[in-house]
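Morning, everyone. Please have the sequence and the structure open while I talk.

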Amino acid sequence: MNPEMEYGKGYLLTESCIGEFWESNQSLMVYEHTHLHYELLFIFTPSRLRHTYGGQIIETDTPCIILHPPYALHSTNTLDDEPYRRFKVDFHPCMLTEYGGICSLGRLAEYGNCIFPVTEADLAAIKPLLLRLEKAEKAPMRTKAALLSLILSETEALAPAELPVPTQVPAYIQQVLHYVVENIGDSLDTEMLAQKFFVSPSKLSRDFRTATSLSVHEYITAMRIAHAKLWLNEGVSVAQIAQQCGFSQEAAFIRMFRQKCGITPGEYRREN
């Protein structure tokens with residue numbers, strides 16, 4: 001099981017593209033999490049939000065557009081009780097390579113997580129395309145690809161001419177991120193991962209922190225917390241979750257969860 005399930009739409013492991021409006025005044029993902037797909041967010045209301053990714057924190061209070069690539073750690077939560085509306089487009093990476101390559105991120109492909117402000121008029125102009133995508137849930141994939149192509153083209157056009165210079169990340173780090181998510185129940189550590197990806201532990205540690213602003217251990221822990229919260233919400237027993245998160249003893253898992261979240265798994269389940 002993967003963090004894709006947090007949106008109740010199932011896994012985006014095939015040629016998938018999903019779009020839908022959400023309205024919320026709750027903290028959305030106060031813990032950093034990741035997906036196997038791209039996540040493109042259009043924030044329609046000028047609410048005060050805090051976004052974190054790769055150890056960075058950005059606060060916004062205007063309409064904005066956010067792009068999260070696969071395996072990139074991120075979270076978003078509100079800073080006030082004002083409800084806000086967002087449109088979320090989830091799409092699998094294969095959407096960028098299939099269907100004759102009509103879908104492209106353009107210059108946004110050079111960046112990892114990125115966020116930039118837009119005007120209400122900008123979002124009003126792109127809203128018809130978003131609504132068409134939302135209604136196309138059961139449409140042929142080529143139809144979705146055509147709509148996604150238009151949305152990505154409009155998004156790139158709205159992006160400022162100068163975005164932050166992207167950090168150069170070794171390609172293998174993306175593979176490490178993917179491996180951790182897919183094997184969260186295994187015994188994972190820096191030495192094991194370094195050996196698997198044919199690099200020294202010191203190089204992996206250095207490259208990993210450059211890419212994510214986290215240590216390998218911090219990322220593994222964050223992913224185990226993310227998985228644990230999803231399984232707790234689904235009613236899986238704490239003992240089973242401990243095992244699925246790679247802990248041989250339930251007590252060790254509970255200690256880790258309390259240390260990172262401030263409450264026990266049982267308390268989290270009751271509060272959510």
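Now the ground rules. This is a predicted model, where local features need pLDDT of at least 70 and side-chain atom pairs count only at pLDDT 80 or more, while totals for chains, interfaces and linings use all residues. Residues are numbered from 1 along each chain as its sequence is written, and side-chain values use heavy atoms, with hydrogens and water left out.

Asp-90 and Lys-88 form a salt bridge, with the closest N and O atoms 2.8 Å apart. The criterion is a side-chain nitrogen of Lys or Arg within 4 Å of a carboxyl oxygen of Asp or Glu. How many salt bridges does a search of the whole structure find? The count is 3.

Next, Glu-59 with Arg-50. Their side chains meet at 2.6 Å, N to O. Glu-59 is partly exposed at 47%. Arg-50 is partly exposed too, at 30%.

Then Lys-203 with Asp-207. Their closest N and O atoms are 2.9 Å apart. Both sit in helix H5, residues 201–212, 4 residues apart, which is about one helical turn. Helices here are DSSP runs of H or I, at least four residues long, and strands are runs of E, at least two, numbered from the N terminus. In general, an α-helix has 3.6 residues a turn, so residues three or four places apart point the same way. Lys-203 is partly exposed at 32%, whereas Asp-207 is buried at 10%.

On to helix H6, residues 216–233. H6 has 18 residues and spans 26 Å from first C-alpha to last, close to the expected 26 Å. That expectation is 1.5 Å times one less than the number of residues. Is H6 enclosed or open? Of its 18 residues, 15 are buried, so H6 is largely enclosed by the rest of the structure.

After H6 comes Gly-235, with a positive phi near 90°. Gly-235 lies in the loop between H6 and helix H7, residues 238–244. Gly-235 is exposed, at 53%. Arg-269 is 34 residues away in sequence, yet the C-alpha distance to Gly-235 is 8.1 Å.

Last, cysteines. The structure holds 0 disulfides, taking a disulfide as a pair of cysteine sulfur atoms within 2.5 Å. Cys-114 is buried at 6%. Cys-261 is partly exposed at 26%.

Technical notes
Buried < 20%, exposed > 50% of the residue type's maximum accessible area, 1.4 Å probe, protein only.
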